[in-house]
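Welcome! Shall we get to know this protein chain together, one question at a time?

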Amino acid sequence: MPVRVVTDTSAGLPEHVARDLGITVLDLHMVGDEDDKSTSGLSSLELAAAYARQLERGGDAGVVALHLSKDLSATWSAAVAASAVFDGSVAVIDTKSVGMNVGAAAMAAARIAMDGASLAECAELAEDTLSRSETWLYLHRIDEIRKSGRISAATAMVSVALATKPIMQIHNGRIELAIKTRTQAKAFSKLTELITARAGGLPAFVAIQHCEAKEAARALEDQLKASLPVDSSIMMMPMESVLAVHCGPGALGVSVVFSQAESEVNAALADDVEDAAPDPGPEGEIADDSAAMALPAPSQAPTNEVAQK
């Protein structure tokens with residue numbers, strides 16, 4: 001039986017994708033009343049029970065657990081505590097992310113698990129996918145995220161004072177201000193430029209999650225389609241309620257899995273600069289190891305075979 005993959009609803013995986021790939025998605029908890037909603041993480045007991053069921057289903061082949069950033073929820077810490085019961089059979093990945101970057105890592109790991117990959121191989125691919133991923137968050141307003149405490153007071157004050165439509169980025173597991181713009185159109189234009197530059201001319205997988213903002217999501221999708229390489233894959237879906245409650249109406253979450261890690265793109269750019277420089281001659285030759293930077297295998301990036309729009 002194959003290695004099992006477990007994630008939670010913050011990953012935003014569409015039901016049909018999780019079902020087709022055999023991914024278990026655990027529900028984070030919604031708490032509070034209609035006027036004051038929030039979320040709470042999964043407990044170690046809940047996670048231990050879920051991992052045990054998946055180990056039984058997978059014939060003890062192992063479980064890869066992918067949960068949202070430990071800086072955004074206590075779920076990761078609970079997962080680590082729960083995994084200790086299983087003596088190395090549960091690999092808990094420190095995703096440092098949230099949204100469909102985590103979902104994409106789960107998809108990649110589940111695909112090779114179905115082909116018989118080991119626990120170590122599945123965990124390694126999940127980590128590689130996350131290392132090539134970025135998540136941005138466009139906020140139509142900051143009321144909900146400020147109330148949730150997911151951004152600093154200073155960032156909230158700057159956004160209010162400048163009346164901005166901010167774009168946040170998940171950096172090392174935390175939500176940080178990336179771009180300040182005053183209109184949605186400018187925000188989408190800046191975000192498209194940023195993603196296109198980061199892609200480095202190579203295909204990318206993009207997932208757009210929206211909170212009551214389908215038209216805005218479609219507009220951003222059209223801009224990205226026109227700007228990214230034709231082999232890129234873009235999917236769009238409503239934002240999960242456990243994320244929407246912190247982001248508010250009009251918000252878009254944009255998760256991108258690139259073909260290369262950012263360090264590889266920077267190295268390639270440096271090689272291009274060196275290639276354009278005058279030849280220094282035999283004594284000044286510098287070894288060029290850029291050819292050794294192998295691109296990720298096509299199976300590592302989510303494709304439209306499963307991720308249909």
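The questions and answers below look at a predicted model.

Q: How many helices and strands does the protein chain have?
A: The model is predicted, and its secondary structure has both kinds of element. Counted over the protein chain, the totals come to 11 helices and 12 strands.

Q: What share of the residues in the protein chain is buried?
A: A residue counts as buried when its relative accessible area is under 20%. The protein chain has 309 residues, and the buried share of them is 50%.

Q: What part of the accessible surface belongs to carbon and sulfur atoms?
A: Let's start from the total: the accessible surface of the protein chain comes to about 14700 Å². Of that area, the part belonging to carbon and sulfur atoms is 52%.

Q: Which word describes how helices H2 and H3 lie to each other: parallel, perpendicular or oblique?
A: Helix H2 covers residues 44-57 and helix H3 covers residues 75-83. They pack with their axes 8 Å apart, at an angle of about 55 degrees. Roughly parallel would need an angle under 35 degrees, and roughly perpendicular one from 65 to 115. H2 and H3 are therefore oblique.

Q: Which residues of H2 meet H3?
A: On the H3 side, the partners are Thr75, Ala78, Ala79, Ala81, Ala82 and Ser83. By class, this contact of H2 with H3 has 7 nonpolar, 3 polar and no charged residues. From H2 come Ser44, Leu47, Ala48 and Tyr51.

Q: Is the crossing of H8 and H9 left-handed or right-handed?
A: Helix H8 (residues 184-199) packs with helix H9 (residues 214-227) at about 35 degrees, with the axes 10 Å apart. Among the residues that meet are Phe188 and Leu191 in H8 and Leu220 and Leu224 in H9. As H8 passes H9, the crossing is right-handed.

Q: Is Glu212 buried or exposed?
A: Glu212 sits in the loop between strand E10 (204-210) and H9. Its phi is near 55 degrees, a positive value in a residue other than glycine. The cut-off for exposed is over 50%. Glu212 has 68% relative accessibility, so it counts as exposed.

Definitions and conventions
Residues are numbered from 1 along each chain as its sequence is written. This is a predicted model: local features need pLDDT of at least 70, side-chain atom pairs count only at pLDDT 80 or more; totals for chains, interfaces and linings use all residues. Side-chain values use heavy atoms; hydrogens and water are left out. Axes are lines fitted to C-alpha atoms, for helices over the stretch in contact, and angles run from 0 to 180 degrees between N-to-C directions. Helices (H or I, at least four residues) and strands (E, at least two) are DSSP runs, numbered from the N terminus. Angles under 35 degrees count as roughly parallel, over 145 as roughly antiparallel, 65 to 115 as roughly perpendicular and the rest as oblique. Contact means heavy atoms within 4.5 Å. Ala, Val, Leu, Ile, Met, Phe, Trp, Tyr, Cys and Pro count as nonpolar, Asp, Glu, Lys and Arg as charged, and the others, Gly among them, as polar. Buried means under 20% relative accessible area, exposed over 50%, partly exposed in between (1.4 Å probe, protein chains only). Accessible areas come from the Shrake-Rupley method with a 1.4 Å probe; for residues, only the protein chains shown count as cover. A crossing is left-handed if the near helix is turned anticlockwise from the far one by less than a right angle, and right-handed if clockwise.
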